[in-house]
Amino acid sequence: MDNLENKDRELAPLEREFNHVVCSFEHFFKSQATAGIILLLSAIAAMIIANSDSHELYEKISHMALSISLGDFTISHSLHTWVNDGLMVMFFFLLGLEIKYETLVGDLKDFRDSSLVIAMALGGMLLPAGIYAAIALTGTEATMNGWGIPMATDTAFALGILALLGSKAPRSAAVTLSALAIVDDMGAVAVIGLFYTDSINLVSLGYAGLALLGLFMFNLLGVRRPIFYVLGGILLWWFVLQSGVHATAAGILAALAVPTKPYAQSRWFSRRMRGILDRFEKIDKQDVSILEHQEQHELVEKAQSVAAMTTTPIQRWGHVLNRPVSLVILPIFAFINAGVALPSDLGQVFNSVVLVGIASAMVLGKICGITLFAWLAVKSGLSRLPTGLAFPQVFALSCLAGVGFTMSLFIASLGFAGHPELLAQAKLGILAGSIIAAILGTALFLIINNGNQAGSQTEQ
């Protein structure tokens with residue numbers, strides 16, 4: 001008996017250390033930094049393979065046919081198309097959930113609080129598009145198709161950098177940048193729908209409208225089971241795909257129909273959970289595990305059901321999808337789309353109107369647009385800066401907002417679909433602009449933080 005107690009004492013520190021490691025890993029796993037790092041590694045892997053002896057294998061993987069058949073019905077597309085038009089719908093669906101949440105109860109609910117973010121986002125979209133268009137005038141007519149590429153901000157990368165900076169960047173900077181990225185993405189979605197759609201099939205669009213109406217009817221009738229929205233969403237995606245509008249619009253539209261009200265109220269939840277907990281404690285036995293106690297297991301499952309009925313689908317489904325989208329779908333998208341062969345003569349790269357235009361617009365356009373519009377909004381009295389955020393931090397934040405990857409690559413694949421050379425130049429421009437913006441933003445936050453610390457020590 002004493003030997004067992006001694007072993008338990010020896011194991012206790014190990015167990016505490018193990019639990020500490022697990023908790024740290026869980027925290028790291030959930031953070032935006034993780035998503036940004038995995039996304040970056042996927043892009044780097046794609047670039048390495050595309051510029052190695054295995055570049056032909058990379059092309060074969062990207063263009064590999066993937067078919068789904070049911071009797072005489074067959075759908076066949078390349079892996080690249082399935083990822084961009086299929087898997088990315090889940091990203092846009094999650095984005096739609098975030099937009100709906102933020103406009104209902106989040107940072108975009110109150111106009112006075114959201115006006116600053118809206119102004120910054122407008123500046124961060126208009127000036128980059130204008131700078132690119134001005135530079136693209138010196139190129140061919142096809143180069144003008146890339147004006148929408150530098151408008152978006154990559155949330156995972158930008159917030160990942162802020163997460164790695166830790167206390168060196170104010171908490172309000174992360175909140176502001178997150179809201180800014182959401183408004184940016186709303187603008188990018190509108191640009192895709194309005195300007196990057198070739199032709200419209202009105203019949204398919206009408207069927208898509210009926211599918212969307214069905215999803216809203218589910219919401220109004222109080223349907224909360226995911227299966228109904230999954231089936232309705234698949235129908236919506238198919239009809240939108242056939243209509244000529246880009247299929248990812250189905251993700252945003254489906255998200256708008258997701259319920260925001262739970263089945264039950266919080267008081268009902270409290271009563272039911274107390275009853276379940278009381279019953280659980282009465283039958284609980286120290287020497288019997290839940291594996292041997294079926295009634296306890298059933299009570300735990302009932303508690304999960306009660307909790308699910310009290311939370312809202314928009315929050316629950318968003319939480320469920322966040323990891324698969326951030327850690328699986330987006331890295332796959334990055335790997336399939338980021339691979340581009342560098343030219344043998346790197347000097348020719350800087351002669352590319354598309355590359356220079358995109359990189360310049362992502363850095364200079366975002367910095368000038370966001371900072372200028374923020375200053376105008378505050379000076380006009382329309383907006384106020386959040387606590388802990390001064391204009392030096394706004395300037396640094398505007399640099400990080402120039403990190404555009406996921407949405408920028410997506411728009412590039414649409415704008416230069418028939419021009420592989422221009423698409424390759426656009427990808428290099430996106431990578432170059434994002435790297436420069438990330439370095440500038442990180443350096444500025446570190447300089448501002450060191451300056452603030454030095455000022456505090458001088459005052460003391």
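This note goes through the predicted model point by point, from the overall fold to single residues.

1. Basis of the note. Residues are numbered from 1 along each chain as its sequence is written, and side-chain values use heavy atoms, with hydrogens and water left out.

2. Overall make-up. The protein chain contains 17 helices and 2 strands, where helices (H or I, at least four residues) and strands (E, at least two) are DSSP runs numbered from the N terminus. Of its 460 residues, 43% count as buried; buried means under 20% relative accessible area, exposed means over 50%, and partly exposed lies in between, with a 1.4 Å probe and protein chains only. Among contacts (heavy atoms within 4.5 Å) with a separation of 6 or more, 80% join residues 24 or more positions apart.

3. Nonpolar cores. A nonpolar core is taken here as a set of buried Ala, Val, Leu, Ile, Met, Phe, Trp, Tyr and Cys residues joined through side-chain atoms within 4.5 Å. The largest such core has 116 residues, and Phe92 and Phe405 are the members that touch the most others. Apart from neighbours within four places in sequence, Phe405 is in contact with Leu39, Ala43, Asp154, Phe157, Ala334, Ala338, Ile430, Leu431 and Ser434. A second core, separate and of 5 residues, includes Ile276, Ile283, Leu299 and Ala303.

4. The second largest pocket. A pocket is an open set of points on a 1 Å grid over the protein atoms alone, where a 1.4 Å probe fits and protein lies on both sides within 12 Å along at least five of seven lines; lining residues have an atom within 4 Å of a point. The second largest pocket holds about 830 Å³ of space, the volume being that filled by probe spheres set on the points, which are joined across faces, edges and corners. Its lining has 35 residues, of which His80, Ser413, Phe416, Ala417 and Leu423 are the closest to the centre. Helices α3 (55–63), α4 (79–104), α16 (406–415) and α17 (420–459) each supply at least two residues of this lining. By class, the lining has 16 nonpolar, 14 polar and 5 charged residues, with Ala, Val, Leu, Ile, Met, Phe, Trp, Tyr, Cys and Pro counted as nonpolar, Asp, Glu, Lys and Arg as charged, and the others, Gly among them, as polar.

5. Ser413 belongs to helix α16 and is buried, with a relative accessible area of 14%. Not counting residues up to four places away in sequence, Ser413 touches Asn84, Asn337 and Leu423.

6. Helix α6 (residues 155–165) is mostly covered, as 8 of its 11 residues are buried, namely Ala156, Phe157, Ala158, Leu159, Gly160, Ile161, Leu162 and Leu165. Just after α6, Gly166 takes a positive phi of about 60°. In helix α10 (residues 249–256), the residues Ala250, Gly251, Ile252, Ala254 and Ala255 are buried, and what covers the buried residues of α10 includes α4, α7 (171–195), α8 (202–220) and α9 (226–243).

7. Gly244, in the loop between α9 and α10, counts as partly exposed at 35% relative accessibility; leaving aside neighbours within four places in sequence, Gly244 is in contact with Thr197 and Ser199.

8. Ile131. This residue of helix α5 (residues 111–136) counts as partly exposed, at 26% relative accessibility. Leaving aside neighbours within four places in sequence, Ile131 is in contact with Ser360, Ala361, Leu364 and Gly365.

9. Cysteines. The structure holds 0 disulfides, a disulfide being a pair of cysteine sulfur atoms within 2.5 Å. The sulfur of Cys399 is 9.7 Å from the closest cysteine sulfur, in Cys368, and that is too far for a bond. Cys399 counts as buried, at 2% relative accessibility, whereas Cys368 counts as partly exposed, at 39%.

Notes: This is a predicted model: local features need pLDDT of at least 70, side-chain atom pairs count only at pLDDT 80 or more; totals for chains, interfaces and linings use all residues.
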